[in-house]
Amino acid sequence: MKIHTTNYIDTFIEVAEDTGVSKGNIPPKRDRKTIAEIQYEIISQFPYKYTSDELLFKIYAERNALTEEVYEEARRIFFSKGQACLRASPLTKKYGFGIHSDHEGKVALYGMETKEYLNFLNDTKIKKVKAMKSNR
């Protein structure tokens, strides 16, 4: 069985061209936490701790109340089909955050108004990709 990955290495995901914001905005709280809210909480609290794959599976496991006993098999099944990468994250499309993946593929968030965001844009050593547009 083929295993897919969403990880990037030494890559910066820029905000989508059609984002409607000019700075990073924290996703609003809802009764049931949204994907954006969960992604924001995890990445902002633990920068460069998780890879994209680890983050996406952690959210999947949490939302589906998986126990650790089934993690290995559930992870294998989860990544046996392609998953949307963080270029499709609402954080990069709608909320004004860029996501940097370091040399280990661990991710951190940077608001588009920050000096760090601009530094990543100007860094010739890392690959840059745009987040997916919301509208075609």
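How many helices and strands does the secondary structure of the protein chain come to? I began my notebook with that, and the count is five helices and four strands. I also noted at the start that this is a predicted model.

**Entry 1: the overall chain**

I read along the sequence and wrote down the pattern β-α-α-α-α-β-β-α-β. Next I looked up the extent: the C-alpha trace spans about 45 × 35 × 30 Å along its principal axes. I then checked the radius of gyration, which is 15 Å; a compact globule with 136 residues would have one near 14 Å, so the two agree. Buried residues come to 40% of the 136 in the protein chain. I looked at contacts too: of those with a separation of 6 or more, 72% are between residues 24 or more positions apart.

**Entry 2: the sheet**

In what order do the four strands of the open sheet lie? I found S3-S2-S1-S4, with mixed pairing. The edges are strand S3 (107-111) and strand S4 (127-130), each pairing on one side only. On average, neighbouring strands are turned by 20° against each other, direction ignored.

I reminded myself that strands of a sheet pair through backbone hydrogen bonds, either parallel or antiparallel. Strand S1 (residues 11-14) pairs with strand S2 (residues 97-101) in the antiparallel sense, over three bridges. S1 also pairs with S4, this time in the parallel sense and over four bridges.

**Entry 3: a closer look at S1**

I followed Phe-12 to both sides: its bridge partner in S2 is His-100, and its bridge partner in S4 is Lys-128. Ile-13 stands opposite Ile-99 in S2. Are the residues of S1 that I looked up buried or exposed? Thr-11 and Ile-13 point one way, Phe-12 and Glu-14 point the other way, and all are buried.

**Entry 4: helices on the sheet**

I turned to helix H5 (residues 115-122), which lies across S1, S2, S3 and S4 and runs at about 115° to S1.

**Entry 5: aromatic rings**

Last, I looked up the rings and found 10 aromatic pairs in the structure. Which residues do ring pairs link into a cluster? They are Phe-57, Tyr-60, Tyr-71, Phe-78 and Phe-79. I also wrote down Phe-46: the charged end of Lys-49 sits over its ring, 5.0 Å from the centre.

Conventions:
Residues are numbered from 1 along each chain as its sequence is written. This is a predicted model: local features need pLDDT of at least 70, side-chain atom pairs count only at pLDDT 80 or more; totals for chains, interfaces and linings use all residues. Side-chain values use heavy atoms; hydrogens and water are left out. Rings of Phe, Tyr and Trp (its six-membered ring) pair if their centres lie within 6.5 Å; planes under 30 degrees apart count as stacked, over 60 as edge-to-face and the rest as tilted. A charge sits over a ring if NZ of Lys or CZ of Arg is within 6 Å of the ring centre and within 35 degrees of the ring normal. Two strands pair if DSSP finds at least two bridges between them. Helices (H or I, at least four residues) and strands (E, at least two) are DSSP runs, numbered from the N terminus. Axes are lines fitted to C-alpha atoms, for helices over the stretch in contact, and angles run from 0 to 180 degrees between N-to-C directions. Contact means heavy atoms within 4.5 Å. Buried means under 20% relative accessible area, exposed over 50%, partly exposed in between (1.4 Å probe, protein chains only). The radius of gyration is taken over C-alpha atoms; the globule rule is 2.2 Å times the number of residues to the power 0.38.
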